[in-house]
Amino acid sequence: MNSSCEQESIFSFCVCFCNLLQKESAASSSSSSKLVLYSYWQSSCSWRVRFALSLKGLCYEYKTVDLAKGEQFSPEFEKLNPLHYVPVLVDGDVVVSDSYAILLYLEEKYPQRAMLPPDTQQRALNLQVKVVDYGFCISSFYLSTCEFFVKSQVASIISSSIQPLHMLSLLKYIEDKFGLEERHMWAQFNIEKGFLALEKLLKDFVSRYATGEDVYMADVFLAPQIAAVTTRFNIDMSKFPILSRLYESYKALPEFLASSPERQPDAVH
Ligand SMILES: N[C@@H](CCC(=O)N[C@@H](CS)C(=O)NCC(=O)O)C(=O)O
């Protein structure tokens, strides 16, 4: 359910989004009312955070940063994220940029509907794996045999080794230097390489969701990634049966649908 709120000077509009599908306690509702998400409807990184907020049943104010108009480079937004990327979450005095960091922050501050397993050792291992680089991830039997690594390994692969390689500014640079065809080829090559690794990585753990019967951080990263690339980069998903099956599960989740680009206040239809 969306409801209007007062217009602010920096961005074109803002709304307060509250997912009433989740049964929130009065306490969590009031503690979350100060959350503000700087987002762009087509940004898959923003979608991860919207999906997580929705799963956790947290209300937030939605502020648009129109990437197509270059609003990420405005002096106001630069104060929030000098890297000029969405998403950025503001929670009172706390400003967090980077979707992975935001999800970890939300997990700590709003532990309802956990995105990570509760065991502290597993959590620590999940965090450690974030620094593992892509080449090591796919070549190491060690990582691929440990279930507790997989949950954030997926997040790491997507946020470090797939999405950055097809982000708007990079593709624009490639197009300017080498042309449109090279832009498409570059994006497709890197997405398919990443998806192939994910297929191999998940095959022993996948069930209804990426790592079992519950939605975890891996799914929060996977769902928008699959959705975004299938609509934007013309990827033949028949090559990726596990990811295709997972995507069907995601599309049945109200929280995923509620956080989808088309349902955002800045969506252009
Ligand atoms: N690692 C960052 C990446 C953020 C990112 O790449 N954001 C993109 C949208 S998905 C962006 O703001 N792009 C603006 C640009 O390329 O100029 C995260 O996970 O949040």
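How many nonpolar, polar and charged residues make up the shell around the ligand? By class, this shell holds eight nonpolar, seven polar and one charged residues, where Ala, Val, Leu, Ile, Met, Phe, Trp, Tyr, Cys and Pro count as nonpolar, Asp, Glu, Lys and Arg as charged, and the others, Gly among them, as polar. The model is predicted, with local features requiring pLDDT of at least 70 and side-chain atom pairs counted only at pLDDT 80 or more, while totals for chains, interfaces and linings use all residues. Residues are numbered from 1 along each chain as its sequence is written.

Of the 16 residues around the ligand, C45, Y85, S99, L168 and S169 come nearest; a residue is near if its C-beta atom, placed from the backbone, lies within 6 Å of the molecule. At least two shell residues come from each of α2 (44-55), α4 (99-109) and α9 (168-178), helices being DSSP runs (H or I, at least four residues) numbered from the N terminus. Because domain 1 (2-111) and domain 2 (120-256) both give residues to the shell, the ligand lies between them; the domain bounds come from an automatic or database assignment.

Turning to helix packing, α11 (217-232) and α12 (241-251) pack at about 100°, with their axes 10 Å apart; axes are lines fitted to C-alpha atoms over the stretch in contact, and angles run from 0 to 180 degrees between N-to-C directions. That makes α11 roughly perpendicular to α12 (65 to 115 degrees). The contact (C-beta atoms, placed from the backbone, within 7 Å) involves D219, L222, A223 and I226 of α11 with L243, L246, Y247 and Y250 of α12. These residues divide into seven nonpolar, no polar and one charged.

Conventions. Parallel < 35°, antiparallel > 145°, perpendicular 65-115°, else oblique. Contact = placed C-beta atoms within 7 Å.
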